[in-house]
Amino acid sequence: MGSVTDTTNQYAGKKITVIFVLGGPGSGKGTQCANIVEHFGYTHLSAGDLLRAEIKSGSENGTMIQNMIKEGKIVPAAVTIKLLQKAIQGSGNDKFLIDGFPRNEENRAAFESITGIVPELVLFFDCSEEEMEKRLLSRNEGREDDNIETIRKRFKVYMESSLPVIHYYSNLGKVRKIDAGKPVDAVFEDVKAVFQKVAA
């Protein structure tokens, strides 16, 4: 695609590069994000970590988030997006991996309309359900949510909500699918190939 002069993705005159990282529970995306940060100088923003940090901070916003989670409600997309935006503006970097977000099509649309940022790419760690189950069960350090029923439920929810997002960005030619069933090092070789093109 020819590059049109793009006024979006600008924060204080800086071009911001955002890459969404999607993959099911156990697809190994956390490990790969750490590798990308180390090798390519990205800042890793995890939606879940930002929400937890906000709760810990004891702010009014944090208390509201905590109460919603306690009541089993989903935190509104706008709240998560504002935290991501604040982290982007405050980081001093211009390259970001956003992990675990957008969780669904509504998140995606809200992110673009609130921030004005369109992701450069979507990195999708594609892993079979069997492989993810095996990994989650083998890392079971007494985690309550790592039993087989819960894992299958989490996987189903993940697939149903994330597939429309992946489909949307696929149509724009932005999805880079990584075979996450391979050993960690082999997966990172594939990831490196993607990032070398982004940097080019």
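The model is predicted.

The protein chain holds eight helices and seven strands. It has 200 residues, and 42% of them count as buried. Among contacts in the chain with a separation of 6 or more, 75% join residues 24 or more positions apart. The exposed surface comes to about 10,900 Å². Carbon and sulfur atoms supply 53% of that area.

Two sets of annotated residues were examined. According to an unreviewed UniProt entry, one "binding site" set comprises Gly26, Ser27, Gly28, Lys29, Gly30, Thr31, Arg139 and Lys182. The lining of the largest pocket includes Gly26, Ser27, Gly28, Lys29, Gly30, Thr31, Arg139 and Lys182 from this set.

Ser27 sits in the loop between β3 (17-23) and α1 (29-40). Its relative accessibility is 4%, so Ser27 counts as buried, the cut-off being under 20%. Leaving out residues up to four places away in sequence, Ser27 touches Phe125, Cys127, Met132, Arg135 and Ala180. A polar atom of the Ser27 side chain also lies 2.8 Å from the backbone oxygen of Gly24.

Lys29 belongs to helix α1. Lys29 is buried because its relative accessible area is 18%, which falls under 20%. With residues up to four places away in sequence set aside, Lys29 touches Val21, Leu22, Gly23, Asp99, Gly100 and Phe125.

Gly100 is placed in the loop between β5 (95-99) and α5 (105-115). Beyond residues up to four places away in sequence, Gly100 touches Val21, Lys29 and Ala47. Arg52 lies in helix α2 (residues 47-57). At 52% relative accessibility, Arg52 is over the 50% cut-off and therefore counts as exposed.

Helix α5 also contains Glu112. The relative accessible area of Glu112 is 19%, so this residue is buried under the 20% cut-off. Apart from neighbours within four places in sequence, Glu112 is in contact with Ile117, Val118, Pro119, Tyr168 and Tyr169.

Technical notes. Residues are numbered from 1 along each chain as its sequence is written. This is a predicted model: local features need pLDDT of at least 70, side-chain atom pairs count only at pLDDT 80 or more; totals for chains, interfaces and linings use all residues. Side-chain values use heavy atoms; hydrogens and water are left out. Helices (H or I, at least four residues) and strands (E, at least two) are DSSP runs, numbered from the N terminus. Buried means under 20% relative accessible area, exposed over 50%, partly exposed in between (1.4 Å probe, protein chains only). Contact means heavy atoms within 4.5 Å. Accessible areas come from the Shrake-Rupley method with a 1.4 Å probe; for residues, only the protein chains shown count as cover. UniProt positions are given in the numbering used here, feature names are shortened, and annotations may be inferred rather than shown by experiment. On a 1 Å grid over the protein atoms alone, a cavity is a set of points where a 1.4 Å probe fits but cannot get out, and a pocket is an open set with protein on both sides within 12 Å along at least five of seven lines; lining residues have an atom within 4 Å of a point. A polar contact is a pair of N or O atoms within 3.5 Å; within protein, one must be able to donate a hydrogen and the other to accept it, and residues adjacent in sequence count only if both atoms are side-chain atoms.
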